[in-house]
Every structure is written in structure tokens, then in C-alpha cells.
Amino acid sequence: MMHRRFLLGPLCLGLALTALLAAPAAALDLKPSVVQERYRRVLATLSSGTQSEAMEQLFALETDAVPDTAGSIQLERFWRLKLRVIRDLLQNGKLDQLVPIVVLHHDAFQMYRERKKPLLAAHSRTMATELANILADRADGNPQVRVFSGWVLTSFGSYLQESSAVSGSAALFDRALAVSPGNRSALLGLAAAHEKYGEYELAVPILERAVKADAGDFHARLRLALCLLRSGETEAAVRHLTRLQIEGTTEWIRSLAYQEHAKLLEADGEIAAAETLLREAVEALPEEQEPRIQLAALLDTRGRPKEAVAVLAGLRPAPEGRRSPRFLYDQWPREGVEEGRAKLRAMMQERLDLLAAALRSLPAEGVGP
């Protein structure tokens, strides 16, 4: 069961649209008919395959309609005017046509952040995630759409993690996994969020899922080992650390596995075993500085300073830009996130014709009142 801090329930299309369309009216800087017509033109441009132009049109529309000083009621009024367009599109086309619209607002989020428009960035994030939830809830028999929705939610979860909004990101990862259980990036992101809160026992089953799905996921296995260690499950942790030392293909992960195992041995008074393990690490990973430094420190504290100096003499200069294993571990995991965002845009391209067809089916005089 997920920690209550991270709960995020699915949204129903009917409830979402009903609640927003029933919101109290507020003055806009543009007439509702103008907003709807311009939003239709944005979507038409998008459906023609020119996303960059559609983004600029969206920026012009939204900054005209919703100034930086707008309140929440005015923003909701603007939102439901756009949802009227989407509602009418849904009545005249397939569910998949929402995919390009979701990607448009997904990418608009980053555009608004870069242009210092936090209100509209938050609006884009909310709109994209709500539409992704609608897609997921109505995607019976269409697993590809659920995978798409999961990547949208995972992408925003990653954005929020990078902004230190840990609780909000965890809720998005949790929902992404409910929609698309195999999303590795969501698994790692959610587990890392629990780690940040010190909730290691909650991170363990999530990481076990990741390792069970892919035995060669060494990053997930390392996190699992350390979360087990911090949860007091030492024997299980050591099994994973030992396996990483033998099988791991990424040097920083192997290095950290050696370091943590040696620290544990030293803490248990097994000094000779810790020394043997660190010497093995130095030989296996000559470019990694930390095992050599840890070995020298162990020797020095045991009254063997000459040996410690000899070990340190073998230190190699760090390559430019190198980050320590601990630094890399402490960063938010981002494996697969950019690839996932690329998948979103590829799926958008595959469905532009559906959006174009739905737009052509709308009445020429405009959308609903």
C-alpha cells in the first residue's frame, strides 16, 4: 500500500468536464468565442505537422487570454473554454486524437518555464496530466494509449523531482504505475522519492519489482541493496552488493557496491575481509578513486600509514567532468526519461491525421457555447 502522502486517484472524464464546465464565470482578456476559435486554429496547425508554429500560436493565445496577474477562477474559465473544443472533438473522432493535444501541452510546460511564465506552465502541466488521466481511464483494449499516458505522468513526475517537489512527483509516479505498471522510470522515481523521505521499507518492494522485471537493471539493484541495508535486512543487501561487484557493468555502480560492502564489514569488525574487498575493488576499477581512498583510510586507522601512502600513490587524476559515485547516486534517477519523451512525440506524429479529421468534422461556425 502506498504512503498516504503519495495517493493520487484516477480522474473520470465526466467528472472532470462537469466540474470544469460548471465553474463560475470570470472575465477574460479575450471573448470566449475568440478563445475557442484561436484554440481550434492552434490544433489545426498542430495537426498539419508544424508543432513549433502551433506552440507559438498557443503562447500568443494564452498570454493574450490569461495575463500573469490572472486568478484561479479566470484560469479555470479559460481552461473550460478549451475543454469545450476537446469535448466536441471527442464527439467526432477517436480517443487517440487526444494524444497530439496532450503532447502539445506537455511541451508547452517546458516552453513556459523557459519564458518565465509560471502560471501558464502550471496550467499546461495540469491540462496535460488531466487529459492523460482521461486517456488512461478510457483506454480499454488499447494498451499503447495507457503506455502513452504513463509516460506523460512520468515525465511530469521527473520535472517535479528536479524542482524538489518530491511529494507531487511521487503522486504522479504512483499514478503512472497504476496506468502502466512496467514503466521503469516511474519505478525508480517513486523509489527515490521514498528514499528522500527515509522510507526505505516502502522503497524496497518497488525496487524489487524493477529488479524482477529486469535482472540486469543494476541501478535499481544498487538502490534495492542500500534500502535493504538501511532497513536492517543486511543479509539480503549483501547478496545484491556481491552480485553487483561481479556482474555490474557501470563502474560507478560497482564502485559504490564495493564501498558499501566494505563499510559494512568494517563496522562488523571484519577488518581483514574489508581490506581484501577494497583491494579487489582497486584492482578491478583502477579509474575509480573512492575505493582506493577508503582502503588507505582503513590502513591508516589500523596503524599502517606507510601502506596507506603507497595505496594513495596509485591515485589517478580524475577525468574532467567526472562525478563521484555517491554524487551520481544522490541525483534523481533519469534513466529512460528523455527516451520516454521522444516516444511521446513519435506517438503524436502517428496520430496527427486523426486530429485533423476530427477538426474537419467540427461545424464551420465554431464549437459549443
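## Close-up views of a predicted helical chain

**View 1. Helix α10 and its cover.** In helix α10, the residues A203, V204, I206, L207, A210 and V211 are buried, where buried means under 20% relative accessible area, exposed means over 50%, and partly exposed lies in between (1.4 Å probe, protein chains only). The model is predicted, so local features need pLDDT of at least 70 and side-chain atom pairs count only at pLDDT 80 or more, whereas totals for chains, interfaces and linings use all residues. Residues are numbered from 1 along each chain as its sequence is written, and side-chain values use heavy atoms, with hydrogens and water left out. Helices (H or I, at least four residues) and strands (E, at least two) are DSSP runs numbered from the N terminus. The cover over the buried residues of α10 includes α9 (184-196) and α11 (218-230). Helix α10 runs over residues 200-213, and at 1.5 Å a residue its 14 residues should span 20 Å, which agrees with end C-alpha atoms that are 20 Å apart; the expected span is 1.5 Å times one less than the number of residues.

**View 2. Helix α8 among its neighbours.** Helix α8 is mostly covered, since 11 of its 14 residues are buried. These buried residues are V166, S169, A170, A171, L172, F173, D174, R175, A176, L177 and V179, and they pack against α6, α7, α9 and α10.

View 3. S155 belongs to helix α7 (residues 143-162) and counts as buried because its relative accessible area is 1%. Its side chain is joined to that of H106 by a polar contact of 2.7 Å, a polar contact being a pair of N or O atoms within 3.5 Å in which, within protein, one must be able to donate a hydrogen and the other to accept it, and for which residues adjacent in sequence count only if both atoms are side-chain atoms. When neighbours within four places in sequence are left aside, S155 is in contact (heavy atoms within 4.5 Å) with H106 and R341. R341 also takes part in a network of salt bridges that links it with E162, R334 and E338; a salt bridge is a side-chain nitrogen of Lys or Arg within 4 Å of a carboxyl oxygen of Asp or Glu.

**View 4. Q259 in helix α13.** Q259 is found in helix α13 (residues 251-267), and with a relative accessible area of 10% Q259 is therefore buried. Apart from neighbours within four places in sequence, the residues in contact with Q259 are E290, P291, Q294 and P325.

**View 5. Salt bridges.** The structure holds 26 salt bridges, among them one between R115 and E56, whose closest N and O atoms are 2.6 Å apart. R115 is partly exposed at 33% relative accessibility, and E56 is partly exposed with a relative accessible area of 39%. Another salt bridge joins E307 and R279, with the closest N and O atoms 3.7 Å apart; E307 in helix α16 and R279 in helix α14 (residues 271-284) are 28 residues apart, so that distant parts of the chain are linked here. E307 is partly exposed, with a relative accessible area of 34%, and R279 counts as partly exposed at 34% relative accessibility. In the salt bridge of E350 and R351 (3.2 Å, N to O), E350 is exposed, with a relative accessible area of 55%, whereas R351 is buried, with a relative accessible area of 5%.

**View 6. A nonpolar surface patch.** I293, L312 and L315 make a nonpolar surface patch of about 220 Å². L312 lies in helix α16 (residues 305-312) and is partly exposed, with a relative accessible area of 38%. Patches are made of residues with over 30% relative accessible area and no salt bridge, like charges being joined within 9 Å and nonpolar side chains (Val, Leu, Ile, Met, Phe, Trp, Tyr) within 5 Å.

**View 7. The protein chain as context.** The secondary structure comes to 19 helices and 0 strands, and 53% of the 369 residues count as buried. The accessible surface is about 16,600 Å², of which 54% belongs to carbon and sulfur atoms; accessible areas come from the Shrake-Rupley method with a 1.4 Å probe, and for residues only the protein chains shown count as cover. Among contacts with a separation of 6 or more, 69% are between residues 24 or more positions apart.
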